[in-house]
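Reader: I would like to learn how to read the features of a model like this one. Please give the general idea each time, then the case.

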Amino acid sequence: MSVLTTRAAAPLTAEQPPDTGERHRLTAVTGLAALSLDAMASVAYGPEAIVLVLAAAGGYGLGFTLPVTLAIAALLAVLVASYRQVIAAFPDGGGSYAVARTYLGRRTGLVAAASLVLDYVLNVAVAVTAGVAALTSAFPELYGDRLVICLGVLVLVTAVNLRGIVESAKAFIVPTAVFVVAILTLIVVGLFRDGPVSTAAAEGHASVLGDNATTVGALLLLKAFASGCSALTGVEAIANAVPNFRTPRAKRAQHAEVALGAILGVMLIGLAVLISRFGLQPVEGVTVLAQLADASLGHNWAFYVIQFATMILLALSANTSFGGLPVLLKLLARDNYLPHVFALKADRQVHRHGVLALAAVSAALLLFSGGDTNTLVPLFAIGVFVGFTLAQTGMVLHWRRERGPRWLGKALLNGLGALLTGVSAVVVTATKFHDGAWLIVVALPVLVAAFEAVQRAYARLGERLGIGRVPEVPHRERSLVIVPVSGLSKLTCEALNAAVSLGDEVRAVTVSHLEAEDRAAAAALRRDWELWNPGVDLVELKSAHRTVGRPVAAYVRKIHDYHPGTRVTVLIPEVEPARLWQRMLQNQRGAVVAHAVRRDTDAVICRLRFRLPGSR
């Protein structure tokens, strides 16, 4: 027998290697497309955030746009270098949660996880509303339908991600490439311009430039730096989703992280150079990126290509959350901080429950905001700065413990990053506190408390189940199988066949009511049962109420009272319909009985599905 088995299995091993799911995982290029949309799209609002803050000091203040951007690019380099190390040290993903949990303690790890969860959820809502806002700016007649359009975009992105992260990467790689090429073209062409080619986009719009100042205070520069750091959201996504990459996972993820940092840094610095070169001033109703496209390429088809590419990428940048958050939820579920259902994977390497949960919460946020970006923006980016700070701090301790080559330099680099991102987190929270950031301050501890409540529930469950301890040797108990019946049929026969195979004793029970027609039906069943004589007793349970579940549960409790050593199984026979719509034809008594027995007793419930011959 063993020889035959070996020979039969050999061709399967040689010709049909087991599917490890690698084809449903990411390469460095597809990983860049699937997980970098948030960071790439941030060039549409990161430079603008800097300019709007510095505009308060007039034209003199705008002169600091490039130095502030260079500082942000330096921080970006620190973050990329740090997250490359995070990827190598934590190839199972989790990013700042994994680092903080390992080096800063359990509760600090939960703070990092909660901050990432909030940021990912808000990113979806902000990305979708921002993309739709760009659409309604081009087509004002759609403004009244913006909420419906937002929900439609969310459904589209969710559906693509349910097909697998590779499918989403393939779907989004073209828009990502078009956007990057368009922005780089804008920068290169603009560098060869002596001045703006066109200012048509800004004509007729009021300037938001403040009175010209002679000095710029450190607080204003710090606020501009903190606002511009919104361009760094999404840098951590690749480190969170390392398990989604193909083998060697860490190497591919590191390559994608470096590529993301390089492209993002070049675009940020290039746009800042053009802002200074063209002396651009912010105006109401027109984005800074639109003015740059107008000044560099002219008010022609190229201008509209960049606007359309920006709109598409902003809407699709929600995909970063769909790639990173389900992996984080899986790790939290593995550590018993979330229901274990979030750790399950579908065939296409999709954490389906995480994707659907993210979509549901994001839809609720869209409904709450009415599809308005400005309602959500004050809440955005605070969580990611908290995660950045904790990850950098944890990596300082990592290098201190490892003490490998050049550990001191690496630790100092991460320490500087922790200081900069920590200051940014404080400044962003303080400046946006009255605009709604207080909600994040409240939500973070609430979410951490929820994680701990789930963990305590699992701990109590594990204690009661004796998980981690060697259980007693199994022993046999007397078994009794109860079969609820309402009439004689093939279903009844199959149920009794199964019951006599399972237990030492089998009893059929039927519930009868006081109405005349019910008494007549019960009498007919007793008569037919005696004629059939299956060798199983029929017990009639009389009930004064129109219910079938409670009488059966009460009978099971009575058996437990009189025979405490008996293992009772309630076998509920049900017809399995051939088609989904035929479920509506069933009376659902089986579900009612199962619910009552499960709620009121400790009996084992067995639901026997019977397929009718020739039903398909």
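Reader: Is Ala 34 buried or exposed?

Author: First, the ground rules: this is a predicted model, in which local features need pLDDT of at least 70, side-chain atom pairs count only at pLDDT 80 or more, and totals for chains, interfaces and linings use all residues. Residues are numbered from 1 along each chain as its sequence is written, and side-chain values use heavy atoms, with hydrogens and water left out. As for the classes, buried means under 20% relative accessible area, exposed means over 50%, and partly exposed is in between (1.4 Å probe, protein chains only). Ala 34 is buried, because its relative accessibility is 0%. The residue belongs to helix 2 (residues 28-35); helices here are DSSP runs of H or I with at least four residues, strands are runs of E with at least two, and both are numbered from the N terminus.

Reader: How far apart are Ala 34 and Gly 323 in sequence and in space?

Author: They are separated by 289 residues in sequence, while their C-alpha atoms are 6.9 Å apart.

Reader: What does Thr 158 touch?

Author: Contact means heavy atoms within 4.5 Å. Leaving aside residues up to four places away in sequence, Thr 158 touches Phe 322, Val 355, Leu 356 and Ala 359. Thr 158 sits in helix 9 (residues 146-162) and is buried, at a relative accessible area of 8%. A polar atom of its side chain lies 2.7 Å from the backbone oxygen of Leu 154.

Reader: With what does the side chain of Arg 476 make a polar contact?

Author: A polar contact is a pair of N or O atoms within 3.5 Å; within protein, one must be able to donate a hydrogen and the other to accept it, and residues adjacent in sequence count only if both atoms are side-chain atoms. The partner of Arg 476 is the side chain of Asp 504, at 2.7 Å. Arg 476 is in the loop between helix 21 and strand 1 (479-484), and is exposed with a relative accessible area of 65%.

Reader: How many salt bridges does the structure hold?

Author: A salt bridge is a side-chain nitrogen of Lys or Arg within 4 Å of a carboxyl oxygen of Asp or Glu. The structure holds 13 of them. In one of these, the side chains of Arg 106 and Glu 452 meet at 3.2 Å, N to O. That pair links distant parts of the chain, with Arg 106 in helix 8 (residues 106-138) and Glu 452 in helix 21, 346 residues apart. Arg 106 is partly exposed at 39%, whereas Glu 452 is buried at 10%. Glu 452 also forms a salt bridge with Arg 107, at 2.8 Å, N to O. Arg 107 lies in helix 8 and Glu 452 in helix 21, so this pair ties together parts that are 345 residues apart in sequence.

Reader: Which residue pairs with Arg 478 in a salt bridge?

Author: Glu 505 does, with an N to O distance of 2.1 Å. This pair too links distant parts of the chain: Arg 478 is in the loop between helix 21 and strand 1, and Glu 505 is in strand 2 (residues 505-512), 27 residues away. Arg 478 is partly exposed at 37%, and Glu 505 is partly exposed at 23%.

Reader: How many aromatic pairs does a search of the whole structure find?

Author: A pair of aromatic rings is described by the distance of the centres and the angle of the planes. Rings of Phe, Tyr and Trp (its six-membered ring) pair if their centres lie within 6.5 Å; planes under 30 degrees apart count as stacked, over 60 as edge-to-face and the rest as tilted. The search finds five pairs. Phe 303 and Tyr 304 have ring centres 5.2 Å apart and planes at 85 degrees, so they are edge-to-face. Phe 303 is buried, at 6%. Ring pairs also link Tyr 83, Phe 385 and Phe 388 into a cluster.

Reader: Which residues does a cis peptide bond join?

Author: Most residues other than glycine have a negative phi, and most peptide bonds are trans. Here a cis peptide bond joins Thr 247 and Pro 248, with omega about -5 degrees. Pro 248 is in the loop between helix 12 (237-240) and helix 13 (249-278). As for phi, Asn 336 has a positive value of about 70 degrees although it is not a glycine.
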